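Notes follow in the order of the look-ups.

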Amino acid sequence: MPDSASKFCVVGDPIQHSRSPEIHALFAKQTGIELQYSRQRVKAGRLSEFVAEFRDSGGLGLNVTVPLKVEAFDLCQPTNFAADRAQAVNTIQLAGDEVAGFNTDGIGLARDLEDNLGLQLSGAKVLMLGAGGATRGVLPELLQRDCSQIAICNRTPARAERLLQQFNESRFALELWGEVRAFDYDLVINATSSSLAGDRPPLPAELVSQGAFFYDMMYAPEPTPLLQWVSEHGGHRQADGLGMLVEQAAESFRIWHGIKPRSVPVIREIRRVMQS
Ligand code: ATR
């Protein structure tokens with residue numbers, strides 16, 4: 001790779017397991033664009049300093065992951081609509097003195113659901129599990145795509161209630177953790193980090209038998225605990241979050257390079273590498 005190749009980076013803490021460098025390398029190969037893309041551990045509170053150094057060294061763009069997305073939002077000016085509604089930034093573009101912030105998580109999720117998995121969000125009744133940053137990042141796009149109802153269900157109900165108040169949106173509802181009452185959801189999205197603890201949100205098996213699609217934003221070589229539970233109850237309509245990861249990266253790539261790469265071959269390749 002020539003030194004003149006444009007420089008990009010993913011930052012977060014922890015960062016060593018990030019797949020973003022592999023994904024962007026595959027996009028670069030596919031589109032014939034030369035770039036360098038590295039990963040860098042940046043601790044909470046240190047993003048501003050790192051971005052200044054990265055820009056001085058010729059860096060053109062960054063992806064931002066946990067726990068820095070809100071810090072990135074505070075740092076960026078201007079920010080796009082998705083970032084403003086989510087109050088979180090996952091993509092930074094550096095141009096001159098400008099540090100522009102975007103949020104591609106919502107579009108990444110929506111494109112995986114609609115374009116890759118063939119679901120229709122318009123009119124869908126959605127059960128959203130979790131009320132943290134991952135949920136906030138994708139809600140604006142789900143609303144934009146005309147979901148008919150989004151019920152938020154979180155282990156700590158006060159956090160879900162706060163989210164409802166912040167968005168002030170008539171299509172939102174609340175479900176209580178462990179006491180989901182409606183079974184006619186079209187789509188159940190797990191945006192909690194419960195899988196990291198080997199755990200899954202408690203749900204009624206009727207959701208599976210009534211044909212809901214289960215999407216877990218986490219991804220791993222093995223099915224996540226929630227997706228295992230779906231299979232145990234005879235459900236086949238499910239996907240993990242690898243497609244979302246690749247789609248949000250594709251949108252970052254489009255912002256930086258002006259070309260939208262094809263995602264499906266990259267999803268297949270990363271899945272193959274993950275499972276080998
Ligand atoms: P992120 O930015 O990844 O969303 P976060 O803002 O810390 O991270 O939010 C984590 C989410 O996962 C929260 O909804 C959290 O629930 P609480 O608000 O009750 O903490 C949820 N979560 C984390 N571990 C969980 C577990 N073991 N079981 C259920 N929910 C869990």
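**Ligand shell.** I began with the residues around the ligand, of which there are 14; Ala-134, Asn-154, Arg-155, Thr-156 and Arg-159 come nearest. I keep in mind throughout that this is a predicted model. Sorted by class, the shell holds three nonpolar, eight polar and three charged residues.

Next I looked up distances to oxygen atoms of the ligand. Thr-156 places a polar side-chain atom 2.5 Å from a ligand oxygen. For Arg-155, a polar side-chain atom lies 2.9 Å from an oxygen atom of the ligand. Ser-193 takes part through its backbone: an N or O atom there lies 3.1 Å from a ligand oxygen. I then checked the area: the ligand taken alone exposes 640 Å², and the protein buries 75% of that.

**Helix α6.** I turned to helix α6, which covers residues 133-144. How many of its 12 residues are buried? I find nine, so the helix is largely enclosed by the rest of the structure. Among the buried ones are Val-138, Leu-139, Leu-142 and Leu-143, and also the charged Arg-136 and Glu-141. Just after α6, I noted a positive phi of about 70° at Asp-146.

**Aromatic pairs.** I searched the whole structure and got six aromatic pairs. One of them is Phe-27 with Phe-253, edge-to-face, at 5.5 Å centre to centre and 70° between the planes.

**Cluster and charge.** I also listed one aromatic cluster, formed by Phe-8, Tyr-37 and Trp-256. Last, I looked for a charge over a ring: the charged end of Lys-125 sits over the ring of Tyr-185, 5.1 Å from the ring centre.

Definitions and conventions:
Residues numbered from 1 in each chain as written. Predicted model: local features only at pLDDT ≥ 70, side-chain atom pairs only at ≥ 80, totals over all residues. Heavy atoms only, no water. Phe/Tyr/Trp six-rings, centres within 6.5 Å; stacked < 30°, edge-to-face > 60°. Lys NZ or Arg CZ within 6 Å of the ring centre and 35° of its normal. Near = heavy atom within 4 Å. Polar contact = N/O pair within 3.5 Å; in protein donor to acceptor, adjacent residues only side chain to side chain. Areas by Shrake-Rupley, 256 points an atom, 1.4 Å probe, with all protein chains shown as cover. Buried < 20%, exposed > 50% of the residue type's maximum accessible area, 1.4 Å probe, protein only. Helix = DSSP H or I, 4+ residues; strand = E, 2+ residues; numbered from the N terminus.
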